[in-house]
Structures are given as C-alpha cells and as structure tokens.
Amino acid sequence: MPTSTWNKFQDFSEQLVRGEHDFDADVFKVVLTNSLPLATYTQLSQISQLSTGGGYTSGGETTTISIAEVSGTTTVSGTQLQWTGSGSGFGPFQYAVLYNDSSTSPADALIAWFDYGSAISVNASETFTLKFNNASPGTMFTLAQV
C-alpha cells in the first residue's frame with residue numbers, strides 16, 4: 001500500500017474552534033481526486049472528485065470517528081475505508097480528502113487531504129484501503145496543550 005502525507009486545510013482550525021465539527025455526531029467522509037487540493041479551500045464543492053463508476057461513488061465513503069483524551073491531549077481517530085474496483089475500475093487519483101458531510105457553514109467543510117505522491121488507479125477486483133496513520137482505527141489528528 002502506498003504511503004501518504006497528511007495536509008490540513010487552513011479553515012479547519014477556525015471551524016473547529018467555532019464548533020462546526022461535532023466529532024460525536026457528525027458524518028465524516030473521504031473522497032478521491034486527482035487534482036491537487038489547495039490549503040485555502042473550505043468546502044467539498046471546491047474539490048474535483050472522481051465521478052461515480054467502476055467501484056467508486058461520488059461523495060465518498062464514511063469513516064467512524066472515535067475520540068480519546070489522556071492528560072489533556074485529545075486524539076481523534078477514524079476507521080479504515082475500502083474501495084473495490086469493478087467493471088473498468090476507477091481512477092486515477094492521487095489525493096484523498098477528508099470532510100464533514102454534516103456541516104452547513106461552510107457546507108461539507110474540508111478538514112485535511114492525504115497526498116499519495118503519484119496517481120493510483122484501481123482495476124476490477126482490486127482494492128484500495130485508506131488507513132489513517134496506518135491503523136484502523138487510526139489517528140487523524142491530536143490536540144495538545146502548549
């Protein structure tokens with residue numbers, strides 16, 4: 001499995017402090033794209049995600065969130081996601097974008113993207129698995145006191 005680099009959208013930290021993200025109740029999803037996201041993007045409509053077909057569904061897959069706090073440090077984790085190619089498969093894509101499907105202001109607020117370094121295509125019967133921090137559940141991000 002290819003490794004990825006985590007990148008935060010700039011607006012995420014503001015929306016987090018404003019309470020736009022409820023990690024206990026909101027629905028969080030990942031979409032795939034072959035267009036480099038910009039750190040200044042704020043909502044899913046700015047992402048050119050793959051079209052539905054070949055085992056991929058536009059709008060992405062849902063990850064289940066868990067939260068743990070130890071001595072003032074909070075870790076947010078998500079379960080792995082899998083896409084299995086069918087027919088002619090899907091791709092290419094290089095980026096996986098995490099967003100909040102429940103947010104309304106901004107709509108479908110962006111959180112982070114993962115850069116796989118080069119384009120990936122998934123053929124029929126092949127599976128692409130996304131694991132946050134290479135685990136399931138895996139750490140998406142950690143908030144710590146300074």
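A residue is called buried when its relative accessible area is under 20%, and in this predicted model Pro-106 is therefore buried, because its relative accessible area is 15%. Pro-106 belongs to the loop that runs between strand E7 (90-100) and strand E8 (110-122). When its neighbours within four places in sequence are left aside, Pro-106 is in contact with Asp-11, Gln-15, Glu-20, Thr-42 and Gln-43. A separation was also computed for Pro-106 and Gln-46, which are 60 residues apart along the chain and whose C-alpha atoms are separated by 12 Å.

The two strands on either side of this loop, E7 and E8, run antiparallel and are joined by seven bridges. Strands of a sheet pair through backbone hydrogen bonds, and the pairing may be either parallel or antiparallel. In the present structure, five strands in the order E1-E8-E7-E2-E3 form an open sheet, in which the pairing is antiparallel. The edges of the sheet are formed by E1 and strand E3 (61-63), each of which pairs on one side only. From one strand to the next, the twist averages 30°.

Aromatic rings were examined next. A pair of aromatic rings is described by the distance of the centres together with the angle of the planes. A search of the whole structure finds eleven aromatic pairs, among them a tilted pair formed by Phe-9 and Trp-113, with 4.8 Å centre to centre and 50° between the planes. This pair links distant parts of the chain, since Phe-9 is in the loop between strand E1 (5-8) and helix H1 (10-17), whereas Trp-113 is in strand E8, 104 residues apart. Both partners fall below the cut-off for burial: Phe-9 is buried because its relative accessibility is 0%, and Trp-113 is buried because its relative accessible area is 8%.

Another aromatic pair, formed by Tyr-116 and Phe-128, is edge-to-face, with 5.4 Å centre to centre and 80° between the planes. Tyr-116 lies in strand E8 and Phe-128 in strand E9 (residues 127-130), so this pair ties together parts that are twelve residues apart in sequence. Tyr-116 counts as buried because its relative accessibility is 8%, and Phe-128 likewise counts as buried, with a relative accessibility of 4%. Tyr-116 and Phe-128 also belong to a cluster, in which ring pairs link them with Tyr-56, Trp-83, Phe-90 and Phe-93.

Notes: Residues numbered from 1 in each chain as written. Predicted model: local features only at pLDDT ≥ 70, side-chain atom pairs only at ≥ 80, totals over all residues. Heavy atoms only, no water. Helix = DSSP H or I, 4+ residues; strand = E, 2+ residues; numbered from the N terminus. Buried < 20%, exposed > 50% of the residue type's maximum accessible area, 1.4 Å probe, protein only. Contact = heavy atoms within 4.5 Å. Phe/Tyr/Trp six-rings, centres within 6.5 Å; stacked < 30°, edge-to-face > 60°. Pairing = 2+ DSSP bridges. Axes fitted to C-alpha atoms, helices over the stretch in contact; angles between N-to-C directions.
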